[in-house]
Amino acid sequence: MFKFAAEKIEIEPLKKSLEDDRAGAVVCFEGIVRNHNEGKAVVALEYEAYETLGTTEAEKILAEARTNFGILNAVCVHRVGELKVGDMAVFVAVTSAHRHEAYQASRYIIDEIKTRLPIWKKETYASGSSSWVNCQHLNDSAACQSEASHGRK
Amino acid sequence: MEIAVNKGAEKVNVTVTVRYFAILKDQRGAASEQLSTEAASLAELYDSLATTHGFSLKQDQLRVAVNDSFVDWQEELSEGAHIVFIPPVAGG
């Protein structure tokens, strides 16, 4: 199950939805808004998503994780809207019989989500300026190309 | 005497809806627009819009979706298509 959330992510109901007597491992990943990026002090950010295509693509990623790693189940929720430093931006939880495949699947899901989902992040800096991450730099919009080609995550 | 008409070279206008996200939305100053175009492909449509609106991203930095599915840039435009140009993503 994947969904976008406009409000704070509540993780307990998500973990509850994964309860399974066959599961010996639950691996949870929380992505948090940090106070800096590439040397700049970040005070707030905004996520924007193309939700219909994003949801379809995310469900594909979760299905791939189930197939590739033989896990029992996986859920993921990604925030949209305005977030502050310390807020949870993304949550991934994976259940499996043993921990090894749960760790692998969790890593796979978050990595694929970062590169494949149509989600954009606008950072606001302590200086008052803001920029779309991976699309522009404060003083050099052409820098996007080199940054994007490095596959930054 | 018959006049030869090259049908293939005829330009046909189609009406499409383009939805903008993130930096493209900022640069366009709108979240979506309906437009009539004679562009032969999605790539040609982006190039023309980029010139008109001064988009900073090059086509090869973007992906493109039609009717909520990723598609190839060389795809022809169909009447009523919902088109989204997808800037470099930054989720997670």
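**View 1. Strands β4 and β8 of chain A pair in the antiparallel sense over seven bridges.** The structure shown in every view is a predicted model. Strand β4 of chain A covers residues 40-49, and β8 of chain A covers residues 119-125. One residue pair to look for is A:Y47 with its bridge partner in β8(A), A:K121. β8(A) is mostly covered, with five of its seven residues buried.

**View 2. β8(A) also pairs with strand β9 of chain A.** Strand β9 of chain A is made of residues 130-132. Three bridges join β8(A) to β9(A), and the two strands run antiparallel. A:S130 in β9(A) stands opposite A:T124. The hairpin of β8(A) and β9(A) has four residues between the strands. In this hairpin, A:G128 takes a positive phi near 100°.

**View 3. An open sheet of four strands in chain A has the order β1-β5-β7-β2.** The pairing in this sheet is mixed. Its edge strands are β1 (2-5) and β2 (25-32) of chain A, each of which pairs on one side only. From one strand to the next, the twist averages 10°. Strands of a sheet pair through backbone hydrogen bonds, either parallel or antiparallel. Within this sheet, β5 (residues 73-79) and β7 (residues 88-96) of chain A run antiparallel and are joined by six bridges. A:N73 has A:T95 in β7(A) as its bridge partner.

**View 4. Helices α2 and α3 of chain A lie across strands of chain A.** Helix α2, residues 51-69 of chain A, lies across β1 and β5 of chain A. The helix α2 runs at about 140° to β1(A). Helix α3, residues 99-116 of chain A, lies across β2, β5 and β7 of chain A. Relative to β7(A), helix α3 runs at about 145°.

**View 5. Chain A touches chain B through 25 residues of chain A and 17 residues of chain B.** On the chain A side, the elements that give two or more residues are α2, α3, β8 (119-125) and α4 (144-149). The residues on this side of chain A divide into 14 nonpolar, eight polar and three charged.

**View 6. Chain B has two helices and five strands.** Along the sequence, the elements of chain B follow the pattern β-α-β-α-β-β-β. Of the 92 residues in chain B, 27% are buried. Among contacts in chain B with a separation of 6 or more, 53% are between residues 24 or more positions apart.

Methods: Residues numbered from 1 in each chain as written. Chains lettered and ligands numbered in written order. Predicted model: local features only at pLDDT ≥ 70, side-chain atom pairs only at ≥ 80, totals over all residues. Pairing = 2+ DSSP bridges. Axes fitted to C-alpha atoms, helices over the stretch in contact; angles between N-to-C directions. Contact = placed C-beta atoms within 7 Å. Buried ≥ 20, exposed ≤ 12 C-beta atoms within 10 Å, placed from the backbone. Nonpolar A, V, L, I, M, F, W, Y, C, P; charged D, E, K, R; others polar.
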